[in-house]
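Biologist: I would like to learn how to read the place where two chains meet. Please start with the terms.

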Amino acid sequence: MTAALRFDPIRLPEKCEQLRKEVRAFLAEEIARGTFDPFTPNREDTDVPDFCRRVGERGWIGMTWPKQYGGQERSFLERYVVTEEMRVANAPTRRFFVADRQSGPILLKYAPEHIKMDILPRICKGEVCFAIGMSEPNSGSDLFAAKTRATKTDGGYLINGTKIWTSSAHIADYMIAIFRTSPPTKENRRHGLTQFLVKMKQPGIQVNPIGQITGQFEFNEVVFTDYFVPDDHVLGEVDGAWKQATSELAYERSGPERFLETYYVLTELVRAVGKNPDTRSAEGIGRLVAQVHTMRRMSVSVAGMLQAGKEPVVEASIVKDIGTVWEQQLPHRVRDLAAFVEETATNRETLEKQLSFAIKTAPKLTIQGGTTEVLRGIIARGLGLR
Amino acid sequence: MAESENIVVETAEKIFSDLADAQTINHDRNGAWKAPLWQALSEAGLPLAWVPEECGGSGASLAEGFAVLNAAGRHAVAVPLAETMLAGWLLAQAKISSPDGEMTVIPATPKDRITQNADGTLSGRARSVPFAKAARHFAVLAGGTIALVDAAKCRIEAGIGLGGDGSDTVVLDKIEPKAAKPAPKGFDQTQLMLMGGVVRSLQIAGALESMLEISVRYSNERVAFEKKISKFQAVQHNLAKLAGESAAALAAATSAADTVANSKGFDDAFFLEAAAAKIRCSEAAEKGGAIAHQVHGAIGFTIEHILHRFSLRALAWRDDFGSESYWAVELGKLVADRGADELWPLVASR
């Protein structure tokens, strides 16, 4: 029933504010040294390895993980602060972001000790990039239709098939992917898929970049041909990947990246309208700020639930549903409001460039990481409708 | 939620369930339910929850009172509980004792002004005052003065709001107040309106919770095309969106309430939280209410069905103490004045 929907007013603890200052100072330094331009929206195909290493040196990657694996054992709420500050600054976090958010936690839970000791500390240093191998040419939202086979052989598995829309595969060192180890059963169509750790940049794996409507080459087709994966690279239960997926979704779906992806256009709009906006601009900005504030309060609330050890899958799905729909609309609303911005506004060109990029980015936001339709299905199940 | 909040809310919930059941009220055309409900609420000390004991109230915390009002929204309570609580709170700001009986707050919109004349009397016109006709006293903010006014002395032009509750115009023509004291330093009409806005936000969020609940229940009962309508994906997705609106309203409203309850002073963060709650909850009332009606079909459009008790009140509450358009303009001005680079620090400070 609906009593399950709780969004308690969790506040970030005081110690987070010191951390926030440190992150802001660090980012200001990086901007000053020319590492990235905060006014240029996060070019997702931009890879800045040195920046990632310096973030690692600060201890801000894998910061919630145990110390023996290179982590800092800090809270999920502290990680939240680092993530949102990086996102708002348009910092180039692509190389470590996926590993930090979800690949690392999967390894922590399911990988054998020697693999954890090998890979996790390198993630924390900002040295390794992960990709996620889920979608295939004929299975996207319908994850359990995946056909790429993992056939048992001596000491491991041979992989054959194709993954697609795989972000960062062209720079990734590893991929965590699901492959078919058995056919689905009559009783359970989700049966038969297994999660694997895959080492990239090896013979037997071909990565073909795919151009996007933004002009970037950020996702890829990944073709496996008799590619060997050793037994100890199986993550979790053979044929039972479906049992492992759900709890991680709450982490993947409720973070600040789920409503701040196009936030930069709002900042530039405020700059463009100046100190004394007309009524129309003021109202438009006020409504947008009310939204971003509410989204953030919801997202922080879910972070608090995660920190408390809960599994707020429905709440996280709600955050991603309304957060991504909002960040998708945001550039269009800003465009509406920018129509009457004075020609003399000093940042007019910056705003126009940003809008152009954000409007082209917008369609993907409600698709990647779980489509709106899939999310609403999960919410409907939580409401007792399915 | 703290344990004390739980006890107060459970008391309120029990009274609402026993004496303000939406189905019963909806069929009682004479309003016979009103007196017993008010009496039970009064006996439990709820109308004067925000009045300290030394001023004649029950001295509950702000957080406890907010939780009661969220529950009142869930039951679409149609007696001036929120208004009396707010009036008692306003009077307590100037340490004026609260009388028994229904009260409401004047002014109830940001643009109406009541002024205090040189002889101490009060003059002005306040529109859209909720439950003015039902109130025995008014808590009035007139510039820097907070006053208690006998309702019988004022001219009241009765009206009915969108939700069917009183929404009246009150004219004060050189009215001598029963008590008048200076407002605390820095306390002004903006703060009163924001406090009223937080109250309305919690009520709207509560009404949306109920709209979600009765819509889900109905979709699991109603059969069309040989199956429950809850099994249609289009209906499921609409209800998922309603859940999102309900969740957003609840998050914005409880966050603002938490801010007010723990506030050390009136600042930009207070303003952001309270204004954003009123804006977001009002938007949710529109979007969420529309879905609840869509799911119910024609039956939800009948006076016999309880849905309108929630949907229309939520829409009506948008207008009290400044609409979402009003607060959006004010919030937009505040953000613009702080400048682009101070927007994120403001959002992140919460």
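Modeller: Two residues are in contact if their C-beta atoms, placed from the backbone, lie within 7 Å. Helices (H or I, at least four residues) are DSSP runs, numbered from the N terminus. This is a predicted model, where local features need pLDDT of at least 70, side-chain atom pairs count only at pLDDT 80 or more, and totals for chains, interfaces and linings use all residues. Residues are numbered from 1 along each chain as its sequence is written, and chains are lettered from A and ligands numbered from 1 in the order in which they are written.

Biologist: How is the predictor's confidence read?

Modeller: pLDDT is that confidence for each residue, from 0 to 100. Where pLDDT is low, the predicted coordinates should not be read in detail. Chain B has an average pLDDT of 96, and 99% of its residues score at least 70. For the complex, the predictor gives an ipTM of 0.97 and a pTM of 0.97.

Biologist: How does one describe two packed helices?

Modeller: By the angle between their axes and the distance between the axes. Axes are lines fitted to C-alpha atoms, for helices over the stretch in contact, and angles run from 0 to 180 degrees between N-to-C directions. The axes of helix 11 (residues 372-382) of chain A and helix 7 of chain B come within 8 Å and cross at roughly 80°. These two helices are therefore roughly perpendicular (65 to 115 degrees).

Biologist: Which residues of helix 11 of chain A and helix 7 of chain B meet?

Modeller: A:Arg376, A:Gly377, A:Ile379 and A:Ala380 meet B:Gln236, B:His237, B:Leu239, B:Ala240 and B:Ala243.

Note on methods: pLDDT is the predictor's confidence in each residue, from 0 to 100. Angles under 35 degrees count as roughly parallel, over 145 as roughly antiparallel, 65 to 115 as roughly perpendicular and the rest as oblique.
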